[in-house]
Amino acid sequence: MNPAYATVDHVFTVPLDHAAPGGDTLQVFAREVADPARAGEDLPWLLYLQGGPGGKSPRPSGTSPGWLAHALKTHRVLLLDQRGTGRSTPLTARAAARFPDPARLAAHLGHFRADSIVADAELIRRALCGDRPWTTLGQSYGGFLTLTYLSQAPEGLTACYVAGGLPGLTATADEVYARTFPRVRERVHAFYARYPEDAGRLRRIADLLTAEDVRLPDGDRLTVRRLRTLGLVLGMGDGHERLHWLLDEALDADGELSDTFLHQVMALTGFTDNPLYAVLQETLYGQGAGPTGWAAARAHAADPDFAEDADPLLLTGEMIYPWMFQDIRGLRPFADAADHLARRADWAPLYDPARLAANTVPLAAAVYHDDIYVDAGLSLDTARTLGAARVWVTNEWEHDGLAASGDRVLAHLMDLAAGRV
């Protein structure tokens with residue numbers, strides 16, 4: 001029986017700083033995937049831009065998302081591990097600890113934003129395709145990368161598909177969190193409406209953590225503030241159920257936290273596989289408008305509904321806070337460097353609004369109406385300024401609609417870009 005996919009692994013050497021190509025270099029990994037029946041054909045390329053930041057591309061398997069099989073009907077797909085992730089010179093906690101001082105680590109991390117990832121992609125495109133442009137599919141943060149790509153090198157693109165990832169072109173971190181905190185509040189209340197008993201469970205767990213020194217399997221103390229970051233899962237289509245069943249087994253017969261619960265909380269909140277998600281989160285919104293300055297922490301402190309003694313206890317979303325770099329083992333080596341990044345004021349803009357307004361590359365974007373990660377209002381504001389863009393607003397899917405829908409979201413985006421719907 002033929003394998004489901006024909007794959008070829010590629011490794012590319014890229015400059016750490018594309019503005020100084022004679023300096024330090026990184027290795028960037030990408031996996032080429034094709035339908036075995038069409039592997040020998042001269043198919044157009046589709047570059048997949050993973051969400052995050054700090055996430056590696058999916059690994060093809062028998063449980064790969066339906067969008068991949070759909071894309072392989074017409075394209076050869078490149079699954080890119082963005083710099084610092086997966087097999088692309090991974091910037092892990094261990095790697096961060098090797099830097100001699102926080103300022104040098106922060107300067108290094110400054111080369112891991114969207115502009116550098118797009119420059120990597122263009123180097124890779126020329127190596128694989130020569131002068132031929134390719135198509136991109138951006139999930140979440142991959143949509144942010146798409147608009148940077150269209151700003152920097154639209155000549156490399158034939159079409160762009162974006163799922164849940166149109167950023168506000170000029171939105172500051174403060175503006176983003178002013179919109180997303182209320183959405184998180186609404187989502188937590190919706191969770192409690194669906195599972196009323198879980199409000200009481202979470203309060204009991206929080207009280208226990210306040211009264212006792214509870215340790216996770218890796219030795220980190222489980223605090224109330226870390227517990228609350230479990231709200232991140234509520235942005236996904238199955239998030240309510242995942243959180244409910246996690247809480248269902250949280251307390252054992254003696255009223256103590258179960259080993260199963262502690263292990264799962266450690267895995268869900270430890271950033272072991274993707275520390276760059278936390279380190280780079282607010283740098284997404286750094287575009288020369290001054291320091292981001294831990295914007296999520298300021299917004300959180302200003303909202304009494306999110307106080308630890310509030311009732312009901314509100315969980316938080318994808319917001320990143322400075323305390324995480326002290327409390328979480330996998331983030332500690334980044335702590336001082338993350339503070340350097342939060343204070344940095346000279347970030348270069350990631351988007352060119354004039355060039356995007358004049359864009360001629362077909363772009364089809366899904367905007368999820370109830371998204372708690374990427375604000376739909378900001379996405380629609382951006383969509384109105386983009387040339388050659390067609391937008392599909394839907395409340396059928398949550399932030400993970402591309403993967404959760406099988407092939408439906410990608411198929412609709414392809415039809416939308418081609419003018420078939």
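This report describes the nonpolar cores, cavities, pocket and salt bridges of the structure shown above. The structure is a predicted model.

**Nonpolar cores**

In soluble globular proteins, nonpolar side chains tend to be buried together. In this model the largest nonpolar core has 115 residues. Within this core, the residues with the most contacts are Trp134, Phe261 and Phe325. Helix 6, which spans residues 173-194, supplies eight residues, the largest share of the core.

The surroundings of Trp134 can be given in detail. Leaving aside residues up to four places away in sequence, Trp134 touches Trp45, Leu47, Leu78, Ala121, Ile124, Arg125, Cys129, Tyr149, Gly156, Leu157, Thr158 and Ala159.

Gly142 belongs to helix 5, which covers residues 141-152. The relative accessible area of Gly142 is 0%, so this residue counts as buried. Apart from residues up to four places away in sequence, the residues that Gly142 touches are Leu49, Gln50 and Gly51. Gly142 and Gly164 are 22 residues apart along the chain, and their C-alpha atoms are separated by 8.9 Å.

**Cavities**

Seven cavities of 30 Å³ or more are present in the structure. The largest cavity has a volume of about 110 Å³. Its lining consists of 14 residues, and those nearest the centre of the cavity are Phe144, Gly168, Val176, Tyr285 and Leu378. Ten of the lining residues would be written by class as follows: the largest cavity has 10 nonpolar, three polar and one charged residues in its lining.

The second largest cavity has a volume of about 80 Å³. The residues lining the second largest cavity are Ala278, Val279, Gln281, Glu282, Thr283, Thr292, Trp294, Ile320, Ala338, Leu341 and Ala342. Helix 11 (275-280) and helix 14 (335-343) are the elements that each give two or more residues to this lining. Helix 14 gives the most, with three residues. By class, the lining of the second largest cavity comprises seven nonpolar, three polar and one charged residues.

**The second largest pocket**

The second largest pocket has a volume of about 160 Å³. Its lining is formed by Arg225, Arg228, Ala297, His300, Ala301, Phe306, Ala307, Glu308, Thr316, Tyr321 and Trp323. Two or more of these residues come from helix 8 (224-228), and two or more from helix 12 (295-301). Helix 12 makes the greatest contribution to the lining of this pocket, with three residues. The residues of this lining divide into six nonpolar, two polar and three charged.

**Salt bridges**

Side chains of opposite charge can pair when their charged atoms come close. The model contains 31 salt bridges.

Asp9 counts as partly exposed because its relative accessibility is 40%. Arg31, by contrast, counts as buried, with a relative accessibility of 13%.

Asp375 has a relative accessibility of 6% and so counts as buried. Both residues belong to a network of salt bridges that links Arg179, Arg183, Asp375, Asp381 and Arg384.

Asp213 counts as partly exposed because its relative accessibility is 47%. Arg215 is likewise partly exposed, with a relative accessible area of 44%.

Notes
Residues numbered from 1 in each chain as written. Predicted model: local features only at pLDDT ≥ 70, side-chain atom pairs only at ≥ 80, totals over all residues. Heavy atoms only, no water. Core = buried A, V, L, I, M, F, W, Y, C linked by side-chain atoms within 4.5 Å. Buried < 20%, exposed > 50% of the residue type's maximum accessible area, 1.4 Å probe, protein only. Helix = DSSP H or I, 4+ residues; strand = E, 2+ residues; numbered from the N terminus. Contact = heavy atoms within 4.5 Å. 1 Å grid on protein atoms, 1.4 Å probe; cavity = no way out; pocket = protein on both sides within 12 Å on 5 of 7 lines; lining within 4 Å. Points joined across faces, edges and corners; volume = space filled by probe spheres on them. Nonpolar A, V, L, I, M, F, W, Y, C, P; charged D, E, K, R; others polar. Salt bridge = Lys/Arg side-chain N within 4 Å of Asp/Glu carboxyl O.
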